[in-house]
Amino acid sequence: MENERDIYYPSPESVRGSLAENWEELERSAAEDLEGYWADRASELVWSKPWDQVIDDSEKPFYRWFVGGETNIVSNAVDRHITGPRKNKLALLWRSEDNKETRTFSYFSLNREVVKMANILRAMGVEKGDRVTIYLPRIPEVVFAMLACAKLGAIHSVVFAGFSADALSSRIDDSESKLVITADGSWINGSVFPLKNIVDEAVRFSPTVENVIVVRRTGTEVHMDSTRDHWYHDLESLPIARGACPTVQVDAEHPLYILYTSGSTGKPKAILHTHGGYMVGTYTTLRYTFDIREEDRFWCTADAGWVTGHSYVVYGPLLAGATTLMYEGGPTYPHPDRWWELIEHYGITTFYTAPTAIRSLMRFGDAWVNRHDLSSLRLLGSVGEPINPAAWRWFHEVVGGGRAPIMDTWWQTETGMFQITGVPAMPQKPGSAGRPVFGQEAEIVDGDGNPVPDGTEGFLVLKNPWPAMARTLYKDDDRFVETYWSKYPGRYMTGDAAKRDEDGYFWIIGRTDDVIMVSGHRLGTAEVEAALNSHHAVSESAAIGVPHEVKGQSILAHVVLNQGFTGSRELVEELRAHVAAHLSPIAKPDEILFVEKLPKTRSGKIMRRVLRARALGQDEGDLSTLEE
Ligand code: WT7
């Protein structure tokens, strides 16, 4: 917090006419009348049946929003635009990793694609409430697939197309999906990642999957099971794909999607979001924080496989009627200026990315940025982990030309929408995410739930309900209550440590549970350990996150080997490859230490805290519960 006094005041251009120009007034009025504030926001969207009640908190923490209302998020993200002046406005711009292909979709043509895919899904028996797993790379079809499911009232479960067959299979089975939508492969830094092969392996013993739709992307040869697999380009030309497809009107609380995320224990949690509240929440927060204007071109670099992609690549921008860019590749391939080239080419006005990407690009020096004209940028955004002041300043000065304010948005898969962030008119403090969104109140508490004084580190909790809040964990209400609502009754436990300063700005420190944020990707220690333990040489293991200059955190694994095995460089590489194959390449431990035994409590729980302290050369703290 040594930079707490470091304040950047927004330029008059960022303030004047911005949607949240009167942010202090908005903050005050939402605090005074939470229901009125959210009812006003919801009224900006279309509903086929108005709600009777804004918030129903009679069965806390199972809040219900816009009770009695009916709509569909697609009615607002697509349908309402094509009957008005946005009909021919660009909705989605897409560029391929090899930089040779461009695809563009107006709202009119986006609707055509969504209708087509929805017709196909419907012909395959997908009905309201059915689950569909989407395992696609960053290509336009991932957007069509999500919207097509939503249009029919089906529940999508997008699995990041970098997860292995084991991870995919457990998500397909847990959600009992009847359909999987994938591609033959995806491009990653010039080589092919074999998505269809992974799906084949994942669904081999899957009792629920009836059909697999395959989008051709890489042209890789794949096996097609004639009773189960269908090329999307074949289906597209069939009569079933043609004709109108009405957007099914659903209850505001009808599930929109589930998204698996990591928690403290082994099994990923299936976060459930709904149509009405999630729609109002993502629409409002995107507009206020990124001040979306008709002429803007918005680019969020996230993958649709994570919540940032759901809320701020797909739903938020389309709900706001914005033009959004999707780029298939990553930041540094083939050169570290591909992103800057795209910003220049498309005249991107609003650029939202992660500190890890900023740090990795910063290492290549300013020259890569400076050879491009980035003067179109007027707003920048950051998400996924705290942004260190050095990266903040580089992003602000070198990328943003000293003009563009940075919106540091703190939120989670569970929250669905921003919870702590700035708006362009608000003064900024590099490294602080800013203030709770309008209508939210956050608090820092100690282990007993008592508020701590400003400037003191504690646990971050949220005090008010918000429309895009997770409704439950799919099929696991008990775990939902237990994980988020039982430690501090009446308040939502975020799992993060933070501080608040005397100006009411929040400074996020990081997770307090067994979650590791690697390059902004959320991984559970237990998942990494399960992957390690499935190797025949491993007896048991403990994974921890340690600070990493570029990734934020990297994984350090402690491994106890079975008898007859000895640690070697080869075994380290074999175990890393094993984790990549059984969980995901993003989960590969950076370092593996072979140890004789792991520190455990007398009841046999691994004390990761002790391993962390040892790794960082810190005091090991209270060891009274350590066995022996
Ligand atoms: C965790 C949630 C939804 C954003 C993508 C990650 C960390 C997120 C920030 C930020 C500091 C942040 C927190 C949080 N985090 N944004 N601006 N500053 N930390 O979503 O995978 O659900 O992870 O990401 O630790 O708990 P997620």
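**Group meeting: a strand, a ligand and a serine**

Okay, let's start with strand β18, residues 350-353. T350 and Y352 point one way from it, F351 and T353 point the other way, and all of them are buried. Before I go on, keep in mind that this is a predicted model.

So who sits beside β18? On one side of the story there's strand β16, residues 297-300, which pairs with β18 in the parallel sense over three bridges.

Which residues come nearest to the ligand? Out of the 17 around it, those are D408, T409, T413, R511 and R522. As for where the shell comes from, three elements each supply at least two of its residues: helix α11 (307-319), and strands β20 (406-409) and β27 (506-511). Sorted by class, the shell has seven nonpolar residues, five polar ones and five charged ones.

In D408, a side-chain N or O atom is 2.7 Å from a nitrogen of the ligand. With E385 it's the backbone that takes part: an N or O atom there lies 3.3 Å from a ligand nitrogen. And D496 has a polar side-chain atom 2.8 Å from an oxygen of the ligand. How much of the ligand does the protein bury? Taken alone, the ligand exposes 560 Å², and the protein buries 96% of that.

Last stop, S262. You'll find S262 in the loop between β14 (255-261) and β15 (269-274). Buried or exposed, then, for this serine? S262 counts as buried because its relative accessible area is 4%, and the cut-off for buried is under 20%. Its side chain also reaches the backbone nitrogen of G524, at 3.4 Å.

What does S262 touch, leaving aside residues up to four places away in sequence? The list is K269, V515, R522, L523, G524 and E527. G524 is the one whose backbone nitrogen the S262 side chain reaches. And R522, which S262 touches, is also one of the residues that come nearest to the ligand.

That's it from me, so over to you.

Notes. Residues are numbered from 1 along each chain as its sequence is written. This is a predicted model: local features need pLDDT of at least 70, side-chain atom pairs count only at pLDDT 80 or more; totals for chains, interfaces and linings use all residues. Side-chain values use heavy atoms; hydrogens and water are left out. Helices (H or I, at least four residues) and strands (E, at least two) are DSSP runs, numbered from the N terminus. Buried means under 20% relative accessible area, exposed over 50%, partly exposed in between (1.4 Å probe, protein chains only). A polar contact is a pair of N or O atoms within 3.5 Å; within protein, one must be able to donate a hydrogen and the other to accept it, and residues adjacent in sequence count only if both atoms are side-chain atoms. Contact means heavy atoms within 4.5 Å. A residue is near a molecule or strand if one of its heavy atoms lies within 4 Å of it. Accessible areas come from the Shrake-Rupley method with a 1.4 Å probe; for residues, only the protein chains shown count as cover. Ala, Val, Leu, Ile, Met, Phe, Trp, Tyr, Cys and Pro count as nonpolar, Asp, Glu, Lys and Arg as charged, and the others, Gly among them, as polar. Two strands pair if DSSP finds at least two bridges between them.
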